[in-house]
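Dear colleague,

Please find below the structure that I am handing over to you. My findings follow directly after it, and I would ask you to read them with the structure open.

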Amino acid sequence: MRGLSVLRERDFRWFFLGQCTSMLGDGMVAPALAFAVLGLTGRALDLGVVLAAGSAAEVLFTLIGGVIADRLPRHSLMLGSDLVRAVIQGVAAALLISGTAQIWHLVVLQAVHGIAAAVSGPAVAGVVQATTRPEQRQPANALRVLALSTSLLTGPALAGALVVGAGPGWALAADSATFAISAACLSRLRLRRAGGDRPQRFARELADGWREFRSRRWVWSVIVAASLVNLLYGAFSVLGPTVSARSFGGAGAWALISATFGAGCLGGGAIALCVRPRYPLRSGVAIMVMFACPTLALAAGLTVAGIAIAAFCGGLVLMVFNTLWETALQHHIPATALSRVCAYEWAGALACQPLGLALVAPVAGCFGLRTTLWTAGTLQILVVLIPLLFPEVRMLASPPRDQRT
């Protein structure tokens with residue numbers, strides 16, 4: 001298959017193998033944490049706080065990670081981040097398995113996990129850019145999406161089996177192992193630092209990255225919408241496990257729904273590997289209205305099967321959009337500023353997520369679970385379409401197939 005030819009690139013192949021393993025572990029984390037917290041206290045509020053701790057730390061430190069990633073070898077930063085996360089998840093696993101874990105332990109550990117992720121995240125796009133030729137980047141991004149999708153399919157299923165059979169601590173132990181394997185793969189890369197000029201003062205580089213970010217309306221308009229959508233999606237992330245525990249029998253049902261979301265992501269990655277729309281953001285933003293399907297299905301009180309089908313649709317469109325978006329960034333942002341722009345992009349997209357995760361349980365307590373879910377799902381549809389008001393988003397074109405940069 002033509003799209004798989006990018007795997008002939010040695011450095012990309014090792015990078016991709018590392019991503020496959022770490023993503024598999026990541027797919028296990030959300031179900032494991034959800035039922036670890038619910039097993040300790042049974043409160044959705046505590047689950048929201050634990051999830052928000054990791055998300056907030058990632059948002060706060062992503063900009064720092066972006067500047068560092070434009071100064072130092074990006075794959076080395078990712079390797080260090082993987083080693084830190086292997087230790088952190090190992091400690092969390094040990095506490096849960098030994099029966100000594102408390103909520104504050106999980107809050108602190110997930111916050112450190114988020115800091116490590118903040119250092120790694122902005123470097124990913126730059127590593128893809130450095131290990132591929134321009135015409136290979138959409139297939140490379142699509143393969144990453146396929147790996148992520150596979151992890152979202154198999155990770156929750158494996159986590160569900162471990163939670164039911166042995167306990168959530170063992171799922172986090174498996175996650176720790178995947179980060180160690182990923183670090184070993186990244187150690188095989190031989191890449192140079194992207195920047196060609198002498199590094200400037202930290203504040204200057206941060207300001208330069210902000211200018212690169214805000215000067216492109218097609219970037220910041222999509223990120224503002226993404227941030228609000230992530231805030232609203234917190235309703236599904238927190239209330240979904242709660243509904244599953246109360247009405248659908250517990251971890252097994254939520255693992256099934258999460259795995260079906262992953263199956264949709266897998267389908268979206270396969271589609272993204274084959275298609276190349278002339279106007280990628282126009283197409284990508286338009287289909288993202290379906291990302292509200294899981295929240296609306298939960299609001300409607302559908303069966304597990306109905307919610308799973310909706311989750312499949314949400315996962316499919318998310319991965320098509322993600323592939324088109326990441327490819328657009330790699331084509332249109334200079335290599336020397338890419339990590340800083342991606343840092344602002346990533347921090348902006350996640351900025352409102354901790355708030356959504358932390359507040360959804362109290363809001364549902366005040367207004368009711370169904371009302372909260374209906375409102376969140378409806379607003380997702382409206383918010384996601386806002387970027388299409390700007391011609392820069394609608395008319396951003398894919399570069400010619402034979403372009404070389």
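Phenylalanine 291 has contacts with Val229, Tyr233, Phe261, Gly314, Val317, Leu318 and Gln380, leaving aside residues up to four places away in sequence. Please bear in mind that this is a predicted model.

Phenylalanine 291 also belongs to the largest nonpolar core, which has 81 residues; together with Leu172, Trp218 and Trp325, Phe291 touches the most other members. Helix H8 supplies the largest share of this core, namely 13 residues. Another core lies apart from it and has 20 residues, including Phe12, Met23, Val124 and Leu143.

Next, I turn to the charged side chains.

Arginine 217 counts as partly exposed because its relative accessibility is 31%, and glutamate 392 counts as partly exposed at 30%.

In another pair, arginine 216 forms a salt bridge with glutamate 212, at 2.7 Å from N to O. Are these two residues buried or partly exposed? Arginine 216 is buried, with a relative accessible area of 17%, whereas glutamate 212 is partly exposed at 24% relative accessibility. The two fall into separate classes because buried means under 20% relative accessible area.

A further salt bridge pairs aspartate 11 with arginine 10, and their closest N and O atoms are 2.9 Å apart. Aspartate 11 is buried, as its relative accessibility is 17%, while arginine 10 is partly exposed, with a relative accessible area of 36%.

Finally, I would draw your attention to alanine 347. Where is alanine 347 found? Its place is in helix H13, which covers residues 338-350. Alanine 347 is buried, having a relative accessible area of 9%. Not counting residues up to four places away in sequence, alanine 347 touches Val59, Thr62 and Leu63. Between alanine 347 and glycine 167 there are 180 residues of separation in sequence and 33 Å in space, taken from C-alpha to C-alpha.

With kind regards

How values were computed:
Residues are numbered from 1 along each chain as its sequence is written. This is a predicted model: local features need pLDDT of at least 70, side-chain atom pairs count only at pLDDT 80 or more; totals for chains, interfaces and linings use all residues. Side-chain values use heavy atoms; hydrogens and water are left out. A salt bridge is a side-chain nitrogen of Lys or Arg within 4 Å of a carboxyl oxygen of Asp or Glu. Buried means under 20% relative accessible area, exposed over 50%, partly exposed in between (1.4 Å probe, protein chains only). Helices (H or I, at least four residues) and strands (E, at least two) are DSSP runs, numbered from the N terminus. Contact means heavy atoms within 4.5 Å. A nonpolar core is a set of buried Ala, Val, Leu, Ile, Met, Phe, Trp, Tyr and Cys residues joined through side-chain atoms within 4.5 Å.
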